[in-house]
Each structure stands twice: as C-alpha cells, then as structure tokens.
Amino acid sequence: QVQLVESGGGLVQAGGSLRLSCAASGRIFRSYGVGWFRQAPGKEREFVVAISWSGGSTTYADSVKGRFTISRDNLKNMVYLQMNSLKPEDTAVYYCVAKISGMAVTGGDYWGQGTQVTVSS
C-alpha cells in the first residue's frame, strides 16, 4: 500500500509560481510511475504531467508544456511539480498519482487527497 500526501497549493496571482510536493510512504514507491492530475470546478479530471520511476522520462499535457516541470527524488520518496507562469485556467485541485507499472498518463493505482491551487487574474 502506498499513501500519497500533496502539499504546496495556495493562492497566487497570474504569472506567479508554486511548487507542489507529493510525499509517498513505502520504499516500493521509487519503482512506480508518478503523475499529476487536476480537476477544476465543473470539469472532468485531466492529466497534467507524468514521470517514469527513474525520472528519465516525462510527459506533459500541451496546456502546461514549457511552464510546469516535474521531478522526483527517490531517496526521499518525493515528487515535485514546479509551476511557473501560472494562469487563471490552472486553477484546480491537483492530485498526485502513483502507478505500479508504466507511466501514470491515464490514471494510477494510488491517489492523494489533492491540494487546491487558485490563480487570480
């Protein structure tokens, strides 16, 4: 069993930055693919970014390419999402997801509780 806890969300003005963190329990986490998804009010949950277990491969949604960067530290069981040049349309609850096999592009096996990101215009 893997538990994921997100942190780092908050309120920021458009153009600003935030860094989300995802802390995971269990050493086996370092062998899992990890991703971030988000859900805005009234909208379906959508894929944001994914990273392979080694950190050597990443995939980004077109809407965040060039603005967001995912990274991981397997020694610390942590995954980070650096979000720059934030836009009001980035406002959503952001979820950390772990996938036992492969990249967490379509979903995962374990989900965090989410952290709210609000970008004001």
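Hi everyone, and thanks for coming. Before we start, some ground rules: this is a predicted model, in which local features need pLDDT of at least 70 and side-chain atom pairs count only at pLDDT 80 or more, while totals for chains, interfaces and linings use all residues. Residues are numbered from 1 along each chain as its sequence is written, and side-chain values use heavy atoms, with hydrogens and water left out.

Let's begin with the whole chain. The protein has 11 strands and 0 helices; here helices (H or I, at least four residues) and strands (E, at least two) are DSSP runs, numbered from the N terminus.

Next, burial and surface. Of the 121 residues, 45% count as buried. Buried means under 20% relative accessible area, exposed means over 50%, and partly exposed is in between (1.4 Å probe, protein chains only). The accessible surface comes to about 6100 Å², and 49% of it belongs to carbon and sulfur atoms; those areas come from the Shrake-Rupley method with a 1.4 Å probe. Among contacts between residues at least 6 apart in sequence, 57% join residues at least 24 apart, where contact means heavy atoms within 4.5 Å.

Now to some individual residues, and please do follow along on the structure. Asn77 sits in the loop between β7 (68-73) and β8 (78-83). Is Asn77 buried or exposed? Asn77 counts as buried because its relative accessibility is 9%. Asn77 also has a positive phi of about 55°, although it is not a glycine. A polar atom of the Asn77 side chain lies 2.8 Å from the backbone oxygen of Gly26. Not counting residues up to four places away in sequence, Asn77 touches several others, including Cys22, Gly26, Phe29 and Arg30.

Val2 belongs to the segment before β1 (4-7) and is buried, with a relative accessible area of 4%. Val2 and Ser25 are 23 residues apart in sequence, yet their C-alpha atoms are 5.6 Å apart. Beyond four places in sequence, Val2 touches Ser25, Phe29 and Tyr110, among others.

On to Arg67, in the loop between β6 (58-60) and β7. With a relative accessible area of 10%, Arg67 is buried. Which side chain does the side chain of Arg67 meet in a polar contact? That partner is Asp90, at 2.7 Å. A polar contact is a pair of N or O atoms within 3.5 Å; within protein, one must be able to donate a hydrogen and the other to accept it, and residues adjacent in sequence count only if both atoms are side-chain atoms. Leaving aside neighbours within four places in sequence, the residues in contact with Arg67 include Met83, Ser85 and Asp90.

That leaves Ser85, in the loop between β8 and β9 (92-99). Ser85 is partly exposed, at 41% relative accessible area. Phi of Ser85 is near 50°, a positive value in a residue other than glycine.
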